[in-house]
Amino acid sequence: MLPPMSLLRSSIRFFRQHPWQFWLTLLSIALGTAVMIAVDLANHSARQSFANSIDNVSGKMTHHIVANSGQGVPDIVYANLRLAGMRQTAAMIEGDVVIAGEVFQVIGIDPFAEPLFDQQSGVSIEPMLMLQLLTEPSAVLMAERTRQRLGFSLSSELALSVNGKQSSVMLQGVFTSTNQAVMDNVLFTDIANAQQLLRKTGFLDRIELILTEEQIPSMAQQLPQSVKLITSPTKTQALDQMTKAFRTNLTAMSLLAVLVGAFLVYNTMTFSVLQRRKQFAVERLIGVTQRDLFLQMLIEAVLIGLVGALLGVFLGALLGQALLMLVMQTIDDIFRSTDQVAFSINVWSVVKGLGITLSAVILATLVPAWEAAKTQPVHVTRASMLEGRFNQVLKPLFFIGALMGLFAFVVLVVFQRSLIGGFFALFLMVIAYSLWIPSLTVAALAILRPWWEKMGTLPAMVLRAVHSSLSRMNIAIIALAIAVSATVGVGIMIGSFRASVADWLAMTLQSDLYISSVNDAESRVEGKLPESWLSKAQKLPGVESVSSGYSTYVEVEQVPTPLLVLNPGEHGKQGFRFLEGGGEELWQDYMAGEVIFISEPLAYHHDLNVGDRLLTKNEQGVSVSAMIGGIYQDYSATQGMLVMAPGFYEKHWRDRGISSIGLKLTASADGDQVRQALRALTEGASTAIRIRSNKEIREVSLAIFDRTFAITNVLRLLVIIVAFVGVFSALMAVLLEKTREFSVLRATGMTSTQLAKMILMQTLLIGFLAGLFALPLGWAMSELLIHVINQRSFGWTMERVFSGWVIFEAIGLSMLAALLAGIYPMYRMKKLIIREGLSA
Amino acid sequence: MRLMILALSLFMVACDKQPQSQEMELQDWLGGIADEGFERATEPRQFTFPEDHNAHPGFRNEWWYVTGNVADKNGYEFGYQVTFFRIGLSPDKPKSDSPWATNQLWMAHIALSDIPKQRHHHQQRLVRQAIGLAGSELEQNFRVWLEDWQIISSKGADFPWKVQIKAQDFVLDLALTKAKPLVLQGQQGLSQKGKQKGNASYYYSYPRMDTSGTIKVNKQSYSVKGLSWFDREWSTSALDDNQVGWDWFALQFDDGNDFMYYQLRQTTGEADVTSSGKWIAGDGSVTEISKDEVYLQPIDYWKNEKGERYPVVWQFEIPTLKKKWLVKARFPEQMMDTGVSYWEGAVEVLDAVSKQRVAKGYLEMTGY
């Protein structure tokens, strides 16, 4: 056996002579790793920052005590908890005010009560200001950044309106926060001032507290009847659910980038084996064993993989920061302000990225390494050696592909509900399909040949040239096809998703106008509206019918789940699309309190069907069992939700109220006039009121949807870039190998333009084939994303929407990528110096 | 006298002309509260009890202070400290309809010295006087409380007084009964601290209270007995600008005598002339001890991690009474790391000649 160093030196020599190959391999590995790590880091940073800042405000509270009805939780409830030694409690009072045309959230705090301003808190308030909050009756604090933005000076009086009533506060000082994103439009004031300002004297909005499992029953018992204990619907949870959809899809995209990168590695390593067959034969002659050669290839791959992956980490960190801004844009739509979020390098993301890349590199090298090891010393090699064998492996590859496809199917069926199973099947399918591509290429070329050869000598030559270098060209085609199929698949998925959401919004927003309290964006628990508005709204001219809803949370298998207590009125029933059944009879049962409805995600996550009984608990912890009468389509709550009739809710719960009112207008009604009448009606309400039309809600929802998926477009482009590098390197490799052949052609009279044309056609052919092959894969991928990945993640079903444009887009994109990749090789060939080429 | 942690803070802020920084501790800004509008302790007053056990909100600062040395029947010894401070943030209550509105803030410092284990547990708590969360009252009984920590008397203001504390690391449930009558400190209860008029406090003590009850720490419960010392003091301002700290001794002798002495240290390191104390004999008779009658000298120091040196062994002589002792910390690490950090802990008193223990007590040292 030769010392490993000498073999390594032989590798180094090879790549020195073929720098293109070396750099392109490195680049494809680096890019694949970078995309994967960037997505991971951006996701992680965004989550981390928000988890931190949100926990700063609401703490890691497990439960809330809220009022069943009326003005709120009496102060004494809080005092009694504290006097009983329960210090993990925070009194919360908040409300919206308008200052200089902007909505601010006033948060009343007790600066001395833990745990809000303990040392872990991200918000820091100077001690002197904490004191002044108590002693100055109208003192408020805002974030320094907000103060600067609005140009307020310290110790100045701010005019504000609370529910339309004018008032004023004193800007006593500013606070700093480790993350100002959620603090931008926040005013901190003493709890006494908040009660005064928001006209809630003697009451709290809620008490947040940390309870252990054992404490819950006794706590629920000892509370007065006017309040109830609910599981904390934390904002972190809400954020998680809202962004989970697109984080899952991002992860899928980034893994595809790695897969494409792995094919590129396979391509380069195979090609480098091919080029070195002669060298390997010589090495075998001088005593290098098969094992040595195998090891040499593996070591080579691992070293290149390691350098490429490290480069990828660096690139990924840069790219991640850019992606983070896009991720944050999405999250900012959900919360209401924008800010820089700290980008942090998560070690686990990096290790994971390195691990996946290196595994992919080693896997991709196994076949070429084995190929190299098999080199016989006596074999006088021919360049077409591998090509000869190519035809022999077509059938086995096709067969293995078919087996893998079958396996993917089995995985899908066996692991019915597993998301990881879904992803695994997706990748099996992609690899299976890529094994079919060589056969498909041969078939496609056979079909094209008669038609193509009629077009002249040059096209015929092109076809034959592609055919003769199929083993290498195929890898380029596979890489490009996977990349394009990913954009096709994800494109179809997003298109379908959007269409389904738009369709659902149009259907579900049956009312023309909606009244709700302002702070419903952050949690689904809305403020209560006076019930008297219902009859008053009904009497307004132009109003045809009125529906009302009350949003709250109940526990389903220990998970706080949104509940809508809905009185659908005359028009609200059309807002439901049931997966099965429906009809007037079902609604009669609903209104009679005999059945409830659950959303599709809830049914999926808890495996519930129509006719099953759903178990939940009321505020006293008494079990409530309800018959499921219908499962309806819903995209609003990923964890799912329940809908029940007021009669049913009021029979089992003490809590009463309404939090939103929907108005259906008559055909002749003037929307603006009704709006004005509503404004007058809601004047002087105890909470800030928002009146929105269904059109506004729909537009805002879709705008948020579009911004949410803007980042996927960037990622699709990145995957294409990785594939572009693949096509480029394959073309370069083939062309370099054929330099001599081209020189002969040139020497025998072919002009440089003709040669360039030939190369151009060759690349276009590759691009065309890749685009064509990408279509079925992209379609299959979209099916998996829609019906497996998204359903397993969220329990959503959606209609697949397929536009004919996708076909043109895919083939066009693919040919464009190939064309761009061909420009430099073309240029090089045009400059080919015949004599040098001949002697090469 | 006693814990003038608050007053000290006042002084620190007065000296520190630098702008307030984020890191400034809570106590620092408490010193920033202006004196104007508060009552001052300018001349002796007529004390009435039990009314004077209750709060005097016209003054800025006020405290209820219990320290003691107790042991279980196996001789397992503890020292403990329970202090409730009332801080007037402004002379008048802010105008507001909200029951949360207040100008009174309460602070508690509690500590337990586990002497065999040489472990010092302590905790601070701040609560506003609103919606019944903290305060003092004299209705059914006399009570001061911060949430679930309290000192509560029997009916009226009768003994025993219960000290009930559930801290993070330990639980105190002690009953205190006076073993000697109440002593007015200083001049009929007016304790002059600075040279300026009004730089004084009203100050009285129960120097010896029989104590029994339960202490829970380290998952063990101890049934304990011993002696406690109760101090009450209220003032608006106390220290002069040139006073940097003090050393305060409260010693309970085995022979029934009790002794309180404080020395105020000047910027020069000298003891201020206002330093003084009282010798309270077993029969309750009181002897005034002035600075000139005392020889007080640190002889051994302990340095904490911040590098502050605290004297943990003192030589204490009162030639007029023919007393000569060594006052020794039960163990050095009894720091109160609560905002302004200070040393407060259990001590023992050894006869300088026989080296026999003759007393136990508490020592407080600030400004080091």
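**Reading the strands and the interface of chain B**

Tutor: In the hairpin of β3(B) and β4(B), four residues lie between the strands, and B:Gln118 adopts a positive phi near 55 degrees. Please keep in mind that this is a predicted model.

Student: How many bridges join β3(B) to β4(B), and in which direction do these strands run?

Tutor: Ten bridges connect β3(B) with β4(B), and the two run antiparallel. Within this pair, B:Met107 stands opposite B:Leu126 of β4(B).

Student: Which strand is joined to β3(B) by eleven bridges?

Tutor: That is strand β2 of chain B, residues 77–88, which runs antiparallel to β3(B). Here B:Tyr80 is found opposite B:Leu112 of β3(B).

Student: Are the residues of β3(B) buried or exposed?

Tutor: A residue is called buried if 20 or more other C-beta atoms lie within 10 Å of its own. By that test, eleven of the eleven residues of β3 of chain B (104–114) are buried.

Student: Which residues point each way from β3(B)?

Tutor: B:Gln104, B:Trp106, B:Ala108, B:Ile110, B:Leu112 and B:Asp114 point one way, while B:Leu105, B:Met107, B:His109, B:Ala111 and B:Ser113 point the other way; all are buried.

Student: How many residues of chain B are in contact with chain A?

Tutor: Contact is judged by C-beta atoms lying within 7 Å. On that basis, 29 residues of chain B are in contact with 23 residues of chain A. On the side of chain B that touches chain A, α2 (26–30) and β4 (119–128) of chain B each supply at least two residues.

Student: What kinds of residues make up that side of chain B?

Tutor: The side of chain B that touches chain A comprises 13 nonpolar, nine polar and seven charged residues.

Methods. Residues are numbered from 1 along each chain as its sequence is written. Chains are lettered from A and ligands numbered from 1 in the order in which they are written. This is a predicted model: local features need pLDDT of at least 70, side-chain atom pairs count only at pLDDT 80 or more; totals for chains, interfaces and linings use all residues. Two residues are in contact if their C-beta atoms, placed from the backbone, lie within 7 Å. Ala, Val, Leu, Ile, Met, Phe, Trp, Tyr, Cys and Pro count as nonpolar, Asp, Glu, Lys and Arg as charged, and the others, Gly among them, as polar. A residue is buried if 20 or more other C-beta atoms lie within 10 Å of its own, exposed if 12 or fewer, and partly exposed in between; C-beta atoms are placed from the backbone. Two strands pair if DSSP finds at least two bridges between them.
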